[in-house]
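Below is a short briefing on one protein model. Please look over the sequence and the coordinates before reading the points that follow.

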Amino acid sequence: MQGEDPPPLTPPPSSLQGMSISVLGPTFEDLALNVKKNISNISYIFIGRAGGYIGGSLIGGVLFDCMNPHLLLGFSMILTALGMYAIPFCKQAALLTAFMVSIGVSMGVLDTGGNVLILNTWGDQAGPHMQALHFSFAAGAFVSPIIAKLVFGSDEKGTQLLDATLPVTKAPAPETAFNLKSSLKSMWAYIVIGSFLFLVSFLFFLLYSRCGTVKDQSHSGSGKQLVAKHHLALVFLLFLFFFAYVGAEVAYGSFIFTFAKDFSHMPEAQAAGLNSLFWGTFAATRGFAIFFATCMYPGTMILLCLLGSTLSSLLLCLFSNHKVALWVCTGVYGASMATTFPSGISWLEQYTTITGHTAAAFVVGAALGEMVLPALVGFLLGRFPNQPLLMYLSLLTSTFTAIIFPVMYKLASAPGSPGRKPRWLLSELRVVKLQEDCVLLQGLLKTIQMKAPQVWSRPPRSGAGPP
């Protein structure tokens, strides 16, 4: 049927996007060795990737209004795959940064496109599908360290030589670096992820060939828009909230492997397992959040997440050398960070209308946090390798978000504001949507009866059953 929207297939590319982002953490030292640099001297690749992500998000929002979404997602995945293929062969830091920027642009288009495609396809019923999208992202981030270190790994020779060069700011000798070419087995993870991206992109081209140029219908609600009294202040504070939250999430997921191996002196396999534990609890909690959202308010979920992240990051600062505490608190911290982003958007939507410009502010804030905080951690780790800087950053950002959220709640519930939308309003909208679907179904049945009257009116033949 021409008006029917096909399944958008956003979970597979979202999981691959999570793999593409989180693979940088376990392979960060090998990338530095591959370009003959210290880790503190290539931390700017995080800035390049996040800057490309911001540009890709803005470009994707424009392109989705003028071209087929499946075609755009397919080309974006091919661009990401080409960048992943090229990274293991980069021997210059500038070239590595350029490919990181291109990957950031394509992933920004994928992120914006996946969310827009889900909203346009399911409209008011997009909540569980959106949670599944974010869950698949976390699942991909969970698998990526396993592929990078537990499946491929790296030789002890390369690891020991890299550890010897970490306190030194100058690059190692060219002949030494090229002799380690065979030891950088973790670079194969980029080839594997790029191959998956390349294969999945053909699914979107197949959807484009079957669906043609049918455009998604926008789902817009009717009625007066709800605007809070302090709308701009709430948007700005949530911008800062997402800046700290996403920056801490990406920094912890990217550097917990390096922290565990160099600071806590864990074996490489255990450090990779700790990295996977963070993303595993992150992904599992996002999966459970699909069901939690049906019986809990977004504000309650945010408070629980803030409490868990603050307590776990405090214990990580106090007991960063204790392996048991590191394992337990990393799992708690990952679970506490899982539902903050989607719950924050849902919480604000209760008090004010979220427009396209409002959503763009959230994306920019999150991307800036992803750009600044991991780069800062990577720079400081090379300067102060004996300090638990990653845990200090986690505690600082958790405390900041725990302080800023009550301020946002005070502004949202200030006198003169419309107040929180009741839950019965969402149920009423779902009933209206169901009634509209029933009317469309009845019209479809009438159309079938008019186009095939001989099937419905033909009398049955003798000895034969009903037509």
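Is Lys36 buried or exposed? At 13% relative accessibility, Lys36 counts as buried, where buried means under 20% relative accessible area, exposed over 50% and partly exposed in between, computed with a 1.4 Å probe on protein chains only.

This is a predicted model, in which local features need pLDDT of at least 70 and side-chain atom pairs count only at pLDDT 80 or more, while totals for chains, interfaces and linings use all residues. Residues are numbered from 1 along each chain as its sequence is written, and side-chain values use heavy atoms, with hydrogens and water left out.

**Overall make-up**

- The protein has 18 helices and 0 strands; helices (H or I, at least four residues) and strands (E, at least two) are DSSP runs, numbered from the N terminus.
- Of the 467 residues in the protein, 50% are buried.
- Among contacts between residues at least 6 apart in sequence, 86% join residues at least 24 apart, a contact being heavy atoms within 4.5 Å.

- Two packed helices are described by the angle between their axes and the distance between the axes. Here the axes are lines fitted to C-alpha atoms, for helices over the stretch in contact, and angles run from 0 to 180 degrees between N-to-C directions.
- Angles under 35 degrees count as roughly parallel, over 145 as roughly antiparallel, 65 to 115 as roughly perpendicular and the rest as oblique.
- Helix α10 (residues 231-263) packs with helix α13 (residues 323-336) at an angle of about 160°, and their axes are 12 Å apart. That makes α10 roughly antiparallel to α13.
- The crossing of α10 and α13 is left-handed, meaning that the near helix is turned anticlockwise from the far one by less than a right angle; clockwise would be right-handed.
- On the α10 side, Ala248, Tyr252, Ile256, Phe259 and Ala260 meet Leu326, Thr330 and Tyr333 of α13. By class, this contact of α10 with α13 has 7 nonpolar, 1 polar and no charged residues. In this division Ala, Val, Leu, Ile, Met, Phe, Trp, Tyr, Cys and Pro count as nonpolar, Asp, Glu, Lys and Arg as charged, and the others, Gly among them, as polar.
- With helix α16 (residues 389-412), the axis of α10 comes within 9 Å and crosses at roughly 160°. The two helices, α10 and α16, are therefore roughly antiparallel to each other.
- The crossing of α10 and α16 is left-handed. The contact of α10 with α16 comprises 24 nonpolar, 3 polar and no charged residues.
- The axes of α10 and helix α14 (residues 340-349) come within 11 Å and cross at roughly 175°. That makes α10 roughly antiparallel to α14.
- In that pair, Leu234, Leu238, Phe241, Phe242, Tyr245 and Val246 of α10 meet Thr340, Phe341, Gly344, Ile345, Trp347 and Leu348 of α14. The contact of α10 with α14 divides into 10 nonpolar, 2 polar and no charged residues.

**Positive phi angles**

- Most residues other than glycine have a negative phi, and most peptide bonds are trans.
- Lys36 has a positive phi, near 60°, in a residue other than glycine.
- His265 also is not a glycine and has a positive phi of about 60°. It lies in the loop between α10 and α11 and is exposed, with a relative accessible area of 61%.

**Individual residues in helices**

- Asn34 is found in helix α2 (residues 28-34) and is buried, with a relative accessible area of 5%.
- The side chain of Asn34 reaches the backbone oxygen of Pro88 at 3.0 Å, and a polar contact of 2.6 Å joins the side chains of Asn34 and Lys91. A polar contact is a pair of N or O atoms within 3.5 Å; within protein, one must be able to donate a hydrogen and the other to accept it, and residues adjacent in sequence count only if both atoms are side-chain atoms.
- Ser209, in helix α9 (residues 188-211), is exposed, with a relative accessible area of 52%.
- A polar atom of the Ser209 side chain lies 2.7 Å from the backbone oxygen of Leu206. The C-alpha atoms of Ser209 and Leu71 are separated by 9.1 Å, with the two residues 138 apart along the chain.
- Thr285 sits in helix α11 (residues 268-292) and counts as buried at 18% relative accessibility. Leaving aside neighbours within four places in sequence, Thr285 is in contact with Ala335, Ala338 and Thr339.
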